[in-house]
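I opened the notebook to look up a few residues one at a time. The entries follow in the order I made them.

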Amino acid sequence: MKFNPFYLLLFVLLAFSSCKKDDEFSEDDLIGNWKLSGIACNDGKVTIDFFGSPLTGAFKLSGRDFDADLTFSKALGLKSYISSGTFINIATYTLGGTEEIVEEETTFDDSGSWSLSGKTLTISSLFATSYTGEIIKLDDNNLEYKATIEENDPEYGKTTGTFVFTFKK
């Protein structure tokens with residue numbers, strides 16, 4: 001049998017044209033209702049005001065009893081999201097050599113707009129908070145989103161950490 005370079009060229013073109021870039025996700029894959037199934041932060045830092053002096057420590061965070069939804073939609077060029085529900089937030093704080101575990105019900109209610117560029121997902125709340133992070137995994141049934149979040153809370157102080165949110169369809 002004689003070798004035909006046309007078949008090699010056709011094979012190469014088909015192989016590369018059918019591959020999705022590893023650094024991009026489709027907006028259409030994101031659209032729909034997602035159920036929160038996990039949250040984790042293993043590198044959290046916290047600074048509180050201790051009688052006028054800053055006290056810095058660490059925290060780890062996880063969750064349980066997830067009953068929360070996140071819905072991404074796109075209509076008439078507008079991209080919006082809405083989240084609702086609750087879960088139990090489990091935070092382990094280590095401050096001044098003392099460890100404390102705090103479990104509390106957390107409300108997952110929010111809404112706003114979103115944008116996607118490659119793997120970068122930006123979620124902009126109607127309450128003026130914006131989070132930009134990276135989609136780690138996105139397929140028909142799974143969404144994992146990683147974002148560095150910094151917040152100032154009167155009760156818990158200044159917190160920062162890399163949070164990973166896991167969702168299932």
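Does glutamate 104 count as buried, partly exposed or exposed, and what is its relative accessibility? I looked it up: glutamate 104 counts as partly exposed because its relative accessibility is 32%. Buried means under 20% relative accessible area, exposed over 50%, and partly exposed in between, with a 1.4 Å probe and protein chains only.

Entry on the source. I am working from a predicted model, in which local features need pLDDT of at least 70, side-chain atom pairs count only at pLDDT 80 or more, and totals for chains, interfaces and linings use all residues. Residues are numbered from 1 along each chain as its sequence is written, and side-chain values use heavy atoms, with hydrogens and water left out.

Entry on the whole protein. I noted two helices and nine strands. Helices (H or I, at least four residues) and strands (E, at least two) are DSSP runs, numbered from the N terminus. Along the sequence the pattern reads α-α-β-β-β-β-β-β-β-β-β. Of the 169 residues, 30% count as buried.

Entry on strand S4. Glutamate 104 sits in this strand, which covers residues 98–107. Isoleucine 101 lies in strand S4 too, and isoleucine 101 counts as exposed because its relative accessibility is 53%. I also looked up isoleucine 101 against lysine 60: they are 41 residues apart in sequence and 9.5 Å apart in space, C-alpha to C-alpha.

Entry on positive phi. Which residue has a positive phi of about 55 degrees although it is not a glycine? I found that this is phenylalanine 51. Phenylalanine 51 is in the loop between strand S1 (32–50) and strand S2 (53–75), and phenylalanine 51 is exposed, with a relative accessible area of 78%. Aspartate 65, not a glycine either, has a positive phi of about 50 degrees. I placed aspartate 65 in strand S2 and noted that aspartate 65 is exposed, at a relative accessible area of 52%.

Entry on serine 125. Is serine 125 buried or exposed? I have serine 125 down as buried, because its relative accessibility is 13%. Serine 125 belongs to strand S6 (residues 120–125). Its side chain and that of aspartate 110 are joined by a polar contact of 2.8 Å. A polar contact is a pair of N or O atoms within 3.5 Å; within protein, one must be able to donate a hydrogen and the other to accept it, and residues adjacent in sequence count only if both atoms are side-chain atoms.
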